[in-house]
Amino acid sequence: MNSFKETVKYLYESLPMFEKVGSSALKSGLDNISALCEALNNPQNSFPSVHIAGTNGKGSSSHFLAAVLQSAGYKVGLFTSPHLKSFAERIKVNGENIPEEVVVDFVQSHKGLFEKLNPSFFEMTTILGFDYFRSQKVDIAIIETGLGGRLDSTNIVQPLVSLITNISLDHQNILGDTLPQIAGEKAGIIKTDIPVVLSERQESVADVFIQVAQKQKSPITFASSEFSLINKRLENGNLILDIFHNGNLIYKDLRSGLPGLYQLKNLAGVLKTAEILNQKGFEIDETAIRKGIKEVVALTGLKGRWQVLGIDPMVVCDTGHNEAGIKEVLNQLKCYSYKRLFIVFGMVKDKDVSKILTLLPKDAIYYFCMPKIPRALEAEILFQEAVKFGLKGTVEKDVNVALQKAQAAASQDDFIFIGGSTFVVSELDNL
């Protein structure tokens, strides 16, 4: 394994990867990651961190926080998943991907340990991230959970603050069939005496978090109870917001570089988390808040969150991939004027296809595709199911070919949306 390509191929083929094979890739418990960390002298204890869980919004929130902290002058590690284009996207310092040669050297150095412990792909990625952040002497790391929280490999960190975003139905076969069950798994990141922030108060699950926080003696805040975000307009690809804290205007005309309306929910949690970090000795002023939130894409390299790929016609992709995420996408579409709506759409097998197809607009023109992974739902099967819900379109398995056909059929005043799965978006050539 002398090249990055060969190393990543080895990881994909040797270690179980959830994104490709689903729940069979998951390891139950934290024993494996604990053993890996112990073998490498516990790198997770060498830097302060923020730990982030949630169904939707944890990726955007992670990038917002990283961008704000970078804007405040800190050296910031960022650990997220899945990646869209390169494995190296999962581990960043100040917006720069982990160097490919570092990945190669790490895997070569610890191949024997991996073969002894047989970690999952995600466990290996987690220990690589921790080790890299230690070597880079980061001032703080933003650590996003992979799946759930309680048994997630990242849950070995002892953060300064925990942040939990939206709770929605997703991965029910692993996390539970009800929102309270899923919330219980996410609440597993709440640690003793460590403050926890909930981005939004959802009455169906609020008591779950309150009870766990009380048991752990963890101060708990529902950010949406303190922060009100008023959407004023969309301007040059930015959301323009007024932000109130306990009824007082604190940021007038704040610009969000992520224009999705769903970011209003995420930003409340981000702002509260930044407030707590200030209380713990970090210095994050208004300038850093404004710069980080406006320039989040440039500072962190985030892709796929209501990302504009073209205009005349407008072409947008978004990684929203469950019932709640698709609802947010459809709400965002209402902000635009267009003549016809074209949707390039693909899914994976373990999502609730019927619930999502029920939501989709019947007057759109569809191109049903599929990502090139084993978990993919066959485009033909998706098409057959879609017909039952009154959706009309054609099958074009490759997302890029589907997009080309949509662009050929669309006029300047139409709108093209690409989504349904993170892995559909990741295969776009011009992302």
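Residues are numbered from 1 along each chain as its sequence is written, and side-chain values use heavy atoms, with hydrogens and water left out. Because the model is predicted, local features need pLDDT of at least 70 and side-chain atom pairs count only at pLDDT 80 or more, while totals for chains, interfaces and linings use all residues.

Helices here are DSSP runs of H or I with at least four residues, strands are runs of E with at least two, and both are numbered from the N terminus. An α-helix has 3.6 residues a turn, so residues three or four places apart point the same way.

Now move along to helix 11, residues 263-279. Its 17 residues reach 24 Å from first C-alpha to last, close to the 24 Å expected at 1.5 Å a residue; the expected span is 1.5 Å times one less than the number of residues. Helix 11 is mostly covered, with 13 of its 17 residues buried. Just after helix 11, glycine 281 takes a positive phi of about 110°.

A salt bridge is counted when a side-chain nitrogen of Lys or Arg lies within 4 Å of a carboxyl oxygen of Asp or Glu, and the count comes to 19. One of them joins glutamate 328 and lysine 265 at 2.8 Å, N to O. Glutamate 328 lies in helix 14 and lysine 265 in helix 11, so the pair ties together parts that are 63 residues apart in sequence. Glutamate 328 counts as buried at 18% relative accessibility, and lysine 265 as partly exposed at 35%.

Arginine 340 and aspartate 414 meet in another salt bridge, at 2.9 Å from N to O. Arginine 340 sits in the loop between helix 14 and strand 14, and aspartate 414 in the loop between helix 17 (399-409) and strand 17 (415-419), so this pair ties together parts 74 residues apart in sequence. Arginine 340 is partly exposed at 33%, whereas aspartate 414 is buried at 2%. Elsewhere, Glu226, Lys272 and Glu275 are linked in a network of salt bridges.

Finally, look inside. A search of the whole structure finds 2 cavities of 30 Å³ or more. On a 1 Å grid over the protein atoms alone, a cavity is a set of points where a 1.4 Å probe fits but cannot get out, and lining residues have an atom within 4 Å of a point. The second largest cavity holds about 40 Å³ of space, a volume being the space filled by probe spheres set on the points. What lines the second largest cavity? The residues are Ile326, Val329, Leu330, Leu333, Ile343, Phe345, Leu360 and Phe417. Helix 14 (323-333) and strand 14 (341-345) are the elements that give two or more residues to this lining, and helix 14 gives the largest share, 4 residues. By class, the lining has 8 nonpolar, no polar and no charged residues; Ala, Val, Leu, Ile, Met, Phe, Trp, Tyr, Cys and Pro count as nonpolar, Asp, Glu, Lys and Arg as charged, and the others, Gly among them, as polar.

Definitions and conventions:
1 Å grid on protein atoms, 1.4 Å probe; cavity = no way out; pocket = protein on both sides within 12 Å on 5 of 7 lines; lining within 4 Å. Buried < 20%, exposed > 50% of the residue type's maximum accessible area, 1.4 Å probe, protein only.
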